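Colleague: Could you take me slowly through the pockets of this protein, and tell me what lines them and where they lie?

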Amino acid sequence: MPDRKFLVTFSPHDRNPETTDKVMLTVIIAMLPIIANSVWYYGFYAIKGYVLTSLFCIGFELLFNKISGRPCSLKDNSALLTGLLLAMNMPAAAPWWIMLVGSFVAIIISKQVYGGLGQNPFNPALVARIFLLIAWPVEMTAWIQPTPIIRGFLFDTVSSATPLGTMKSDLLAKGHVVTANLASYTDQLIGNVSGCMGGDGAIFVLIGGLFMMNRKVISWHIPVSFIGSLFLFTGIVWAVNPARTVDPFMHIISGGVMLAAFFMATDYVTSPVIKRAQIVFGIGCGLITGIIRIYGSYPEGTGFAILIMNAFVPLLDKYMRPLSFGEVKK
């Protein structure tokens, strides 16, 4: 009998060199094209927004650690990531105190009171965005016209409606969408339209998303099912009644769909673990987004859609769990 030695240890037996701080850092690196595009179009306002929300989120994280006696958690990079995501979900000219309140809600209310990273049921940055949107709708929809930095740093703002806002206004006032009032596909893709700092510029979001897929930080299941279901749903409505909404391609490159699909719906903590549950999760996000956009009074719907689906994550993971080897379905 060969002399074999077996080492018996406690689980986990499957070890992965990736750590939380490395994953968070990879996501932050993937955001760089989006951040650069924001600075290109909003200059000083974009730099101020990213710096302030990052500092506020890091500050609240550190403050809560001190007060609660917990070890410093800044090294996992989650507070910095939340700050950057929060800035991407705000108008470029949002006042500093809005950023301060939003950072407090994201870090303290949405994350730390649940026990910190890994315990929060809802995406912190999205909870903060929706809270701010409901509490201060004027400040959170004060969109400004993008101006390439090559024309000089932007200090004076010119108000401008978002493409989705224009679509909704036309629909409510005239009963149909006026496509001539909307921005071109090219402007939508490169972010030369008014909106949240990180929500527009679909091509730059896509670059970051593909980078994360290449590094295996995220898989295709949630982004593809999210975008695909929104495309299919809005395509059906558009085919039946084109006066009711814009074409499906315009829907997926407008607003925050791409940012939400790649960077927010894929949050490890608030999305399902099981792959087929991720597909259902993504389809739910896409359908709810489409329903709110076309039949609701609010022009955007991604934030609400993800938060609603966040609530179903425990059920999806429970009832879509594959059977273990030898287990009999009851």
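This is a predicted model: local features need pLDDT of at least 70, side-chain atom pairs count only at pLDDT 80 or more; totals for chains, interfaces and linings use all residues.

Modeller: The largest pocket has a volume of about 570 Å³, and of the 29 residues in its lining, V23, M24, L81, D267 and Y268 are the closest to its centre. If you follow the helices, you will find that α1 (20–68), α2 (78–88), α4 (124–135) and α11 (257–264) each contribute at least two residues to the lining of this largest pocket. Sorted by class, the lining of the largest pocket holds 15 nonpolar, nine polar and five charged residues. As for where the largest pocket lies, it is found between domain 1 (20–135) and domain 2 (162–317), because both domains give residues to its lining.

Turning to the second largest pocket, its volume is about 400 Å³, and its lining is made of 30 residues, with W143, T162, Y298, P299 and E300 nearest its centre. Two or more residues of this lining come from each of α4, α6 (163–174), α11 and α13 (302–310), and among the contributors α6 gives the most to the lining of the second largest pocket, with six residues. By class, the lining of the second largest pocket comprises twelve nonpolar, 14 polar and four charged residues. Domain 1 (20–135) and domain 2 (162–317) each supply at least three residues to the lining of the second largest pocket.

Methods: Residues are numbered from 1 along each chain as its sequence is written. Side-chain values use heavy atoms; hydrogens and water are left out. On a 1 Å grid over the protein atoms alone, a cavity is a set of points where a 1.4 Å probe fits but cannot get out, and a pocket is an open set with protein on both sides within 12 Å along at least five of seven lines; lining residues have an atom within 4 Å of a point. Grid points are joined across faces, edges and corners, and a volume is the space filled by probe spheres set on the points. Helices (H or I, at least four residues) and strands (E, at least two) are DSSP runs, numbered from the N terminus. Ala, Val, Leu, Ile, Met, Phe, Trp, Tyr, Cys and Pro count as nonpolar, Asp, Glu, Lys and Arg as charged, and the others, Gly among them, as polar. Domain bounds come from an automatic or database domain assignment.
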